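Hi everyone, thanks for coming. Please take a look at the sequence and the structure on the screen, and then I'll walk you through some pockets and charged pairs.

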Amino acid sequence: MYHSVDHCLEDPHLVTVTPGRFERQMRGLEAAGLRGVGVAELLAAKAAGRHRRLVGLTFDDGYADFVRHAVPVLARRGFTATVFVVTGEIGGRNAWDTGPRKPLMDAGQLRAAAEAGMEVASHGVRHVSLPEAGDDELAAELRDSRAHLEDLLQRPVPGFAYPYGNISPRVVRAVRDAGYDYGCAIWTSGADRHALARTYIGERDGALRMRLKFARHRFRQRRLR
Ligand SMILES: [Zn+2]
């Protein structure tokens, strides 16, 4: 789980990986015989028993630096990834955040990312914590964000990522009932495809830490059906 890939001076929430570090992390995956893919592709491969050499890569919030600093590094290696977009802020900024403001991808950049083979999926309309949302607001966040992206990209949008990683049984059920094929959370057992566990990767993750995190994540995910 990544957020932003950029040169940055101020990063209080540790959501930014520098381009040099990101490049080394991807090179490390490649050297280990692994290939980064989006979550939809990973789940399809898992269903077919072809997932052993694959690693799911995700980027939350849809920062504009994704097209500049992540896509070229991924594309050079034949990797893909899923980017989770806040549809009410397309072309805007991360107004929900207390950290530094960063530009978010606009419609043209999202189409370019999709055309480069990246999976573009939903992160809700306004980046609200869903367990605290009422039923109507929850339904609208899930329905409207997906409709917006499907209209923009002219393709199905099967994936959702929970803002802040916050889930509850009601919210996970709502994502499934809204027709999403999968949902990405953070701290879960990983046994439910609508509450997939993810592992945070940051600037401090060098080769050894990457290997340890990969092994830990695989161990935790072994129960996914
Ligand atoms: Zn987010």
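Let me begin with a term: a pocket is an open set of grid points with protein on both sides within 12 Å along at least five of seven lines. Keep in mind, too, that this is a predicted model.

With that term in hand, the second largest pocket has a volume of about 220 Å³. It is lined by 16 residues, and those closest to its centre are His3, Val15, Asp61, His127 and Tyr164. Sorted by class, this lining has eight nonpolar, five polar and three charged residues.

Now for the largest pocket, which holds about 900 Å³ of space. Which residues lie nearest its centre? They are Leu54, Val55, Gly56, Phe214 and His217, out of 39 residues in the lining. Two or more lining residues come from each of helix H1, helix H2, strand S4 and helix H7. H7 gives the most, with eight residues. The classes here are 20 nonpolar, nine polar and 10 charged.

Let's move on to charges. How many salt bridges does the structure hold? There are 14. One of them joins the side chains of Asp60 and Arg198, at 2.8 Å from N to O. Asp60 is in strand S5 and Arg198 is in the loop between strand S9 and H7, so this pair ties together parts that are 138 residues apart in sequence. Are these two buried or exposed? Both Asp60 and Arg198 are buried.

Next, Asp135 forms a salt bridge with Arg170, and their closest N and O atoms are 2.5 Å apart. This pair also links distant parts of the chain, with Asp135 in helix H5 and Arg170 in helix H6, 35 residues apart. Asp135 is exposed, at 53% relative accessible area, while Arg170 is partly exposed, at 25%.

Glu150 and Arg146 give us a local example, with a salt bridge of 3.6 Å from N to O. They are four residues apart in helix H5, so about one helical turn separates them. Salt bridges can share partners as well: Glu23, Glu30, Arg76 and Arg77 are joined into one network that way.

Glu119 is buried yet has no salt bridge, and the nearest side chain of opposite charge, Arg155, is 9.1 Å away. Beyond its close neighbours in sequence, Glu119 is in contact with several residues, among them Val39, Thr82, Pro158 and Tyr182.

How values were computed. Residues numbered from 1 in each chain as written. Predicted model: local features only at pLDDT ≥ 70, side-chain atom pairs only at ≥ 80, totals over all residues. Heavy atoms only, no water. 1 Å grid on protein atoms, 1.4 Å probe; cavity = no way out; pocket = protein on both sides within 12 Å on 5 of 7 lines; lining within 4 Å. Points joined across faces, edges and corners; volume = space filled by probe spheres on them. Nonpolar A, V, L, I, M, F, W, Y, C, P; charged D, E, K, R; others polar. Buried < 20%, exposed > 50% of the residue type's maximum accessible area, 1.4 Å probe, protein only. Lys, Arg positive; Asp, Glu negative; His and termini not counted. Salt bridge = Lys/Arg side-chain N within 4 Å of Asp/Glu carboxyl O. Contact = heavy atoms within 4.5 Å. Lists of a residue's contacts leave out its neighbours within four places in sequence.
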